[in-house]
Amino acid sequence: MRGTAVGSLAILVLLLASLPQAQGTAPATPLTLLSRDGRRPVPTIVLGGQELIALDEVASLFQVTVREDTLAGGLTITYKGRTILVSNDRPMASVSGRVVALPSPAVRSGGRWFVPLELLPRALSPIHDTRIDVRRTARLLVVGDLRVPRVTGRIDAAGPPTRATLEIAPAAPVS
């Protein structure tokens, strides 16, 4: 009897220890939204190895309407009469009848719905008035027709002397 109580206590401790992980953690570097209006940080979480954004955040950023659709088995995102259906059990969305693959399904955590970042360029951008581009390595969410050069670097020859190459596309003034 005592062994069962100790085993139950151990399971309870393990479950309680896993609760913060189930809620998701913030990435080390925040995502930055760039638009004609300026720049601002956008909160995201990492859950199950996927970076997700809260749908209420998406609604405020892009003036979309979000509602849970139990009949469709997911969520409905609407913008100016155009609709996206997001599955909460399969990694996909339907955009005007076209199926779009996503790295993970929508997830409910802490009373909020979260979707993978890829939903923005793959599903929201085609129905929205503005272009949306996610640049994970640079931690950028580029909204609109902005020229934001991609900068990549590499070491060509280890020193001494060390030679490094920076590539900037499209070309931009450098200082």
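How many salt bridges does the count come to? By the rule used here, in which a side-chain nitrogen of Lys or Arg lies within 4 Å of a carboxyl oxygen of Asp or Glu, the count comes to 14 salt bridges.

Before the tour, a word on the model. This is a predicted model, in which local features need pLDDT of at least 70 and side-chain atom pairs count only at pLDDT 80 or more, while totals for chains, interfaces and linings use all residues. Residues are numbered from 1 along each chain as its sequence is written, and side-chain values use heavy atoms, with hydrogens and water left out.

**A salt bridge between helix and strand**

Glu-57 and Arg-40 meet through their side chains in a salt bridge, at 2.8 Å from N to O. Glu-57 belongs to helix H2 and Arg-40 to strand E2, so this pair ties together parts that are 17 residues apart in sequence. Helices (H or I, at least four residues) and strands (E, at least two) are DSSP runs, numbered from the N terminus.

**The four-stranded sheet**

Let us turn to the sheets. Four strands form an open sheet in the order E3-E4-E11-E10, with antiparallel pairing; two strands pair if DSSP finds at least two bridges between them. Strand E3 (45–47) and strand E10 (107–109) stand at the edges with a single partner strand each, so one side of each has no neighbour in the sheet. From one strand to the next, the twist averages 45 degrees. Angles run from 0 to 180 degrees between N-to-C directions, with axes fitted as lines to C-alpha atoms, for helices over the stretch in contact.

Helix H2 (residues 55–62) lies across E4 and E11, running at about 60 degrees to E4.

**The five-stranded sheet**

A second open sheet has five strands in the order E5-E6-E7-E8-E9, again with antiparallel pairing. Here strand E5 (65–69) and strand E9 (98–101) are at the edges, each with a single partner strand, so one side of each is left without a neighbour in the sheet. The twist in this sheet averages 25 degrees from one strand to the next. Helix H3 (residues 119–127) packs on the sheet and touches strand E6 (74–79), E7, E8 and E9, where contact means heavy atoms within 4.5 Å. The direction of H3 makes about 155 degrees with that of E7.

**Strand pairs side by side**

| Strand | Partner strand | Bridges | A bridge pair |
|---|---|---|---|
| E4 (residues 50–54) | E11 (residues 112–116) | three | Ala-54 and Phe-114 |
| E7 (residues 82–87) | E8 (residues 92–95) | three | Ile-84 and Val-95 |
| E14 (residues 150–157) | E15 (residues 163–169) | seven | Gly-153 and Leu-166 |

E14 and E15 are joined by a hairpin through five residues. Ile-155 also has a bridge partner in E15, namely Ala-164.

**The largest pocket**

The largest pocket holds about 290 Å³ of space. On a 1 Å grid over the protein atoms alone, a pocket is an open set of points where a 1.4 Å probe fits, with protein on both sides within 12 Å along at least five of seven lines, and lining residues have an atom within 4 Å of a point. The volume is the space filled by probe spheres set on the points.

Of the 17 lining residues, Leu-33, Ser-35, Asp-37, Leu-61 and Val-143 are the closest to the centre of the largest pocket. Strand E1 (31–35), strand E2 (38–42) and H2 each supply at least two residues of this lining, and E2 gives the most, with three.
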